[in-house]
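The sequence and structure come first.

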Amino acid sequence: MPRALSLALLAPLLLLAASVGTVEGAQRRQQRRRRQVEVGSGPTSEQIWDTGLMETKLSHVSMLERGREYYDDTTVRRFKGFVLGYVTPWNRGGYMNAVTFRHKLDAVAPVWFQIKMPEGQAAPTITGTHEINQTWISELREGGRGPLVVPRFVIEAEVPQHVAMVQNPRAVLEAVRKVVTENNFDGMVLETWVAWQSFNGLSNDMFKKAAMQLVSGLAEAMHSSGGKKFFLAVPPLLPATEKSPWLARQDFLDLAPHVDGFSVMTYDHNTATGRPGANCPLPWLQANIKHMEKGPKRSKEPPLPEAVRPRVLLGANFYGWDFAPSRGGLAAVTVSDLVPLLQKHQPELRWDEGVEEHTFQYQDKEGHVHHVWYPTPRSLEARLQVARDAGVGISVWELGQGLERFFDLL
Ligand SMILES: *[C@@H]1O[C@H](CO)[C@@H](O)[C@H](O)[C@H]1NC(C)=O
């Protein structure tokens with residue numbers, strides 16, 4: 001029975017072959033895993049200064065091993081200026097960081113509400129109320145020392161509805177005030193200035209006058225509701241690419257007496273052109289501060305009142321951008337995008353002295369070169385120092401998009 005014999009002989013051989021295969025496979029997998037840097041996370045007794053993360057010469061290994069850890073005493077505050085931090089409903093990490101690092105934050109703005117004006121309706125509607133999470137708010141406020149909760153309201157409307165709203169500010173004030181007081185929020189952030197500017201509303205004197213009245217009216221509505229706070233999101237005074245500013249310095253000065261904080265969008269410097277570059281070049285940030293303080297060079301504009309300084313909250317991006325110019329690509333990078341990029345491509349991080357940010361490159365499967373500009377502890381610290389020197393605060397977009405180590409610096 002040669003056939004049966006050969007089969008009997010073969011069976012153990014096959015088995016052996018199969019087992020060798022799995023052992024080798026497991027070894028290979030293990031080697032690959034060993035080559036992949038393990039990502040650290042959670043609290044540690046090591047201060048950020050001892051991790052190598054503050055250096056200009058920064059390796060992807062340090063970023064992976066130490067970047068997502070944080071110093072275990074989260075009650076220590078290093079940055080004394082006002083800190084506003086946004087959280088977005090589509091990023092659970094931001095909600096968690098807001099609670100973990102609440103002693104380092106003066107205000108948290110969950111991006112929850114839209115102000116809309118359905119056609120044929122006299123009063124606006126506020127949408128987004130399903131996002132309200134009172135459990136999370138009570139975690140933030142636990143012990144009574146938590147940050148202010150000041151949700152962001154964005155006006156989402158076509159031009160005619162924008163006009164209708166500024167013409168009937170009372171209806172907007174009442175709708176917003178109702179949501180803020182009924183939910184026991186500490187105030188609000190209004191986001192609409194860029195929209196008003198983008199359809200040239202603010203270059204029309206009548207529209208602008210009404211718009212300014214809507215802003216000051218909302219601020220007054222907050223202040224008169226038990227001293228709630230009013231924050232306004234605004235573009236930087238010196239734009240990145242446009243010739244004329246999206247917020248005139250005089251308008252900024254006129255708004256200042258009403259506003260408890262300006263959330264200034266000093267980031268996305270290169271997204272309009274798509275050319276790879278820093279998110280917030282340091283010289284641009286400094287020029288913005290100079291302009292805010294004194295106006296254009298050799299102008300006779302009034303100086304910035306000292307009382308306004310602490311209410312200026314320079315935007316600090318906790319996210320980055322991935323530029324792939326050869327295919328016209330541009331994508332936002334958050335920490336959860338960054339980690340796999342660093343693991344896969346093991347890129348060399350380069351410090352750009354001129355703009356004071358790190359950057360790295362990698363090549364995708366189709367051969368396109370990507371340029372990534374993502375903040376690092378060193379670049380964030382440089383911007384915090386600018387804010388310190390100017391006596392202003394910061395506004396973080398957003399709390400779940402960065403390395404946890406960023407909070408060690410706040
Ligand atoms: C509300 O917040 C709590 C505490 O942070 C969280 O555990 C819960 O999942 C949140 N609920 C929703 C619906 O997101």
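Leaving aside its neighbours within four places in sequence, which residues is Val 37 in contact with? They are Val 61, Leu 64, Glu 65 and Gln 343, where contact means that the C-beta atoms of two residues, placed from the backbone, lie within 7 Å.

This is a predicted model, in which local features need pLDDT of at least 70, side-chain atom pairs count only at pLDDT 80 or more, and totals for chains, interfaces and linings use all residues. Residues are numbered from 1 along each chain as its sequence is written.

**Loop residue Val 37**
- Val 37 sits in the loop between α1 (2-35) and β1 (42-44); helices (H or I, at least four residues) and strands (E, at least two) are DSSP runs, numbered from the N terminus.
- Val 37 counts as partly exposed because it has 17 C-beta neighbours inside 10 Å; 20 or more make a residue buried, 12 or fewer exposed, and values in between partly exposed, with C-beta atoms placed from the backbone.
- Val 37 and Val 61 are 24 residues apart along the chain, and their C-alpha atoms are separated by 6.6 Å.

**Helix α11**
- Val 335, Leu 338 and Leu 342 are buried in α11 (residues 335-345).
- These residues are on the same side of α11 because they cover an arc of only 50° around the axis, taken from the directions from the helix axis to the C-beta atoms.
- The face turned away from the buried side carries the exposed residues Ser 336, Pro 340 and Lys 344.
- The buried residues of α11 pack against α2 (60-66) and β13 (329-333).
- Gln 346 follows α11 and has a positive phi, near 40°.

**Annotated domain**
- UniProt, in an unreviewed entry, places "domain: GH18" at residues 81-410; positions use the numbering adopted here, feature names are shortened, and annotations may be inferred rather than shown by experiment.
- Residues 81-410 are 33% helix and 23% strand, and the end C-alpha atoms of the span lie 9 Å apart.
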